[in-house]
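Biologist: Thanks for sitting down with me. Could we walk through this model together, one question at a time?

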Amino acid sequence: MADDSLLVEKITISGATLASILQRFSSSPGDVDGLLFGHFIRLPPPDPNDDDPSSSYSAAVGSTTLAPFAASITGYFCSGAPMTFYDSVGRIDPHSVRRASDQDRLPILLGWFCGRRRTHLRPSMREIAVSNSLFETLTPASAVDPAPPRPCIFLLLSFSSTENLAIHTHEYRGFHLRRKPVGSGVLEPRSLHIVNIGPDFRGQYGSFSPDSALPWMPLRVEDELAQKETLRSLQDKAAGQLLLDSAADGFTMERLAHLIGPGVAEYASELEDLYRNMLLKLEGLARLVEKSSARVLEQENKNLKIRCRLAGLE
Amino acid sequence: MVSEPPLPPSISAQLKYLLVHSPHPFRIEQIWSGCKNSRFSDRFTLLVPFCLDYVKWDIIYNAFYPFSAPDIVFSLDDEEFRPLLPVSDREGGAEIQARLMRSSLWDWNSKDPSRLFKLVHEMRDLYVQYQRRRVGEVNDARLKFEISTILSREGIEVCLISGPDKSEEVKFVVPLLDVNLNKLVHACPWKQEQKIYLQVVFPVSKSYSLAPLAPRIKLVSSSQLKDLLSVEDVKLPSWVDGMCMAEYLPSLEDTLIVQVMEAVAFVGARRRFIEALVPKFGRPLEADPIFCRKATILAVTGVFTFLVHFSLSTHFPKQQPTLILQSSQHFNSQGAPIMSPPLNNYPWSPRWDAAEMVERIFDFLVKECTSFKTYCLDAVVQ
C-alpha cells in the first residue's frame, strides 16, 4: 500500500483559488465542503545529509517512488451543501465523485476541503474517515501508465468574526494523508504556500506550462493539395471551431489562420479583434453565471425553508 | 460576550436525553453557533467523564441541515483516536464494516432523542479501548504485569498521562466493592449509582531506574456519597515495595466494606438520636429523614425563643453533634438572625444511649441559653 502514496512535502495554492474558496465559505450560511483539483509537481531531491539519519531523504533513499512532491491546488468544486459526496460514517459515494475523478481529466483530483465556522483546526472524526475513504475508493482504473496519484490532500478552513463583525478571521491548514505500512492513513499537517506574483515565486513561473484552450492554428499554405477539403479536415475544422467558440464569441477558424504565416500587417488588428471577441465571450458567460447564481440562491433559500419546516424549526 | 442562540428542538432533545439518562455524569461546557445569522446554535463542547476526569469533545451539528448526523472533534492529545477507521491491526474490512453498521451514525435519525446518547456512549467505549491500547504499548515491565493481572476486572479504566514538561504516568481507575451502595440506604435519593473508586497513578519507569517508584494511591467516590461516608477519612493500607494491585485490592476492599457497613449502621444511630430528641425538646422543626445528618428544634426559656441546629457528622456517635443556636428574636443590622458559633465543648460519650445523650445536651443548653441571650443582646447593641 505504501508505494501508491506520494511523499507530499508541501502544498501550494494560487492566491486567487484560495481567495475564491474563502469567499465561497464566508458567503455560505453554514459549513461547506468540496473537492480540490490541481497537479503534483516533483520537487528537486533534498541535499544529501549524512548528519541527520531521520531526514526524509535517507528514509526514502533507494526508492524513486518516494521522491518528494508538492501538491499544487489550482481549482475546486463546492456544491454549497455539506456531505454531498460522503455519508455520515465518512464513506465516499463513488458515483458522486466518478466524474471528478476521471483519470484523463486535467487537472486531477488532489483531495478535498472542509470549511466549518468557529471550530478547532483539527481534523474531525468524520474528516479523517472521508480522507481515507477518498484515497481508497478511487482506485485508478485507467490504462494510463504510471497510474496517476490518488487524492491525498485535505484542506481545513475555519472562519470566525467578532460580534460587531469588525474583525473577520480566516484560518486554514493543509494536510497530507500518509499511509502507514499497516492500518489506515494519518493526516499530517503540511505547510501551505500561497502562490502570488513576486520574486519569491519565480520558480513557479519557470515551471509553468501553458495549457491553451485555443485550437491548432493552421498555417495557410498556397498548395492545391492542402486546400482540398477532405472529410478529415472538415472534421478537424469543426472541432477546432467548437474549441474556439468556447474561448471567443464569433471568431472563425479562417480568421485564426490570419494570425500566423504571411501577412504580418494584419496581426495586430486581428489579435485585437480576437481579444475583443474573447472579452465578449467572458461578459456573456459572466451574465449567464450571474443569472444562474441568482436562481441557485433562490432555490437554496427555498430548500432551506423546506428543510427547516421538516425539522420543525418554524 | 453576546449570548449564543438556543439549540434547535431536535438537538436540544437529544442533549437532554443524554444528560438525564446517562449513567456517567456528562457536562456541557459551551454552546455556540457555527452558522451565519442563524437563530439556532449547532455546536457544543461536551465534557466526557473518563478516568475520574473529563475529556473535551466538540460535537458539531449543522443548524441548516438539522437531519444530518453530527461530527466530533476530539481533544488535541487524542489525534490517534480515529473511531471510524479500523481501531486495531486485527480489525479487517469486514469487522469494521460490521461495527459501523451497528453504529448509531449509520442510519442517523435526528428525530430519535436517544441517538446522541448512543453515539456518545459508543465513542466513549471505543475511547476506553483506545486508552487501554495506548497503555498496553508502554514499555514498562511492572505496568505490563499490572495490566495482565488486573485489566480483566469489570469497569476498570486506564489512561496514559503525558505532557511536554512532565514524565509519563499511567492512571488506573478501579471501581471497588461489588455491591450496589444505593440499595444499602433506606429510601435512597440518589439517581445515579454511587461508586467508590481507587485511583492508582504509576510513574512509568525509565529503563535505567533501579527500583520502580511506589504509585500514588487515592480513594475517590462519586459526589453524593459524602452524605453517607467521606472516603478521604478511610485509612488506606500501606503499599509495600514489590506489591501489585491484584494483591492490594482484596485487603483494601475488606477494610472498605467494613467502613461502609459501619457508615450505614451510623445512619441508624443518628436516626435514634433524632427520635430521642422528641420527649425532651418536642418534635423537630426540620430533620434530614434519609441520612439523618441534620435536625433543628425550637427551644423556649421564659420569653426567649431560639432554634438549635444539630449537625451530625458521618462519624456520629464517635463524634458528638455540633450545635448552632439561632435566636428568633434578635437580628443583626442586615436583618439576619443572630447565630452562635458552632458549639461542641459539652460533655459527651459515644457509649451513652440516645436518651442519655439528649438528656446531657438538654442540661447543657439550659446553662448555655442565658449566655447566648447575653451574646444576642450584645450583638444587637453593636
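Biologist: Happy to start with chain A. How many helices and strands does chain A have?

Modeller: Keep in mind that this is a predicted model. Buried residues account for 37% of the 314 residues in chain A, and 71% of its contacts with a separation of 6 or more link residues 24 or more positions apart. As for the elements, chain A has 9 helices and 7 strands.

Biologist: In what order do the 7 strands of the chain A barrel close?

Modeller: The pairing in this barrel is mixed. Neighbouring strands are turned against each other by 35 degrees on average, direction ignored.

Biologist: Now a single residue, A:S88. Is it buried or exposed?

Modeller: A:S88 sits in the loop between β3 (68-78) and α3 (94-97) of chain A. Its relative accessibility is 11%. The cut-off for buried is under 20%, so A:S88 counts as buried.

Biologist: Which backbone oxygen does the side chain of A:S88 reach?

Modeller: Setting aside neighbours within four places in sequence, A:S88 touches A:M83 and A:R126 in chain A, and B:A69, B:L84, B:L105 and B:W106 in chain B. The side chain of A:S88 comes to 2.5 Å from a backbone oxygen, that of B:L105.

Biologist: One more from chain A: how far apart in space are A:K237 and A:T252, C-alpha to C-alpha?

Modeller: A:K237 belongs to helix α7 (residues 231-245) of chain A. At 33% relative accessibility, A:K237 counts as partly exposed. It is 15 residues away from A:T252 in sequence, and the C-alpha to C-alpha distance is 9.9 Å.

Biologist: On to chain B. Why do the buried residues of helix α2 of chain B lie on the same side?

Modeller: In α2(B), residues 93-102, the buried residues are B:I96, B:R99 and B:L100. They share a side of α2(B) because the arc they cover around the axis is only 95 degrees.

Biologist: Against which helix do those buried residues pack?

Modeller: On the other side of α2(B), B:A94 and B:R102 are exposed. The buried residues of α2(B) pack against a helix spanning residues 115-136 of chain B, namely α3.

Biologist: How would you describe α1(B) relative to α3(B): parallel, perpendicular or oblique?

Modeller: Helix α1 of chain B covers residues 9-21, and its axis comes within 7 Å of that of α3(B). The contact includes B:Q14, B:L15 and B:Y17 of α1(B), and B:R115, B:L116 and B:F117 of α3(B). The axes cross at roughly 60 degrees, which means that α1(B) is oblique to α3(B).

Biologist: Turning to the open sheet of chain B, which strands are its edges?

Modeller: This sheet has 4 strands in the order β5-β6-β7-β8, with antiparallel pairing. The twist averages 20 degrees from one strand to the next. Pairing on one side only marks the edge strands, β5 (157-163) and β8 of chain B.

Biologist: And which residue in β8(B) is the bridge partner of B:Q199?

Modeller: Strand β7 of chain B (residues 196-203) is mostly covered, with 7 of its 8 residues buried. Strand β6 of chain B (residues 166-176) joins β7(B) over 8 bridges, and B:V173 is partnered there by B:Q199. Towards β8(B) (residues 216-221), β7(B) pairs in the antiparallel sense over 6 bridges. On that side the partner of B:Q199 is B:K218.

Definitions and conventions:
Residues numbered from 1 in each chain as written. Chains lettered and ligands numbered in written order. Predicted model: local features only at pLDDT ≥ 70, side-chain atom pairs only at ≥ 80, totals over all residues. Heavy atoms only, no water. Buried < 20%, exposed > 50% of the residue type's maximum accessible area, 1.4 Å probe, protein only. Helix = DSSP H or I, 4+ residues; strand = E, 2+ residues; numbered from the N terminus. Arc of directions from axis to C-beta. Contact = heavy atoms within 4.5 Å. Pairing = 2+ DSSP bridges. Axes fitted to C-alpha atoms, helices over the stretch in contact; angles between N-to-C directions. Polar contact = N/O pair within 3.5 Å; in protein donor to acceptor, adjacent residues only side chain to side chain. Parallel < 35°, antiparallel > 145°, perpendicular 65-115°, else oblique.
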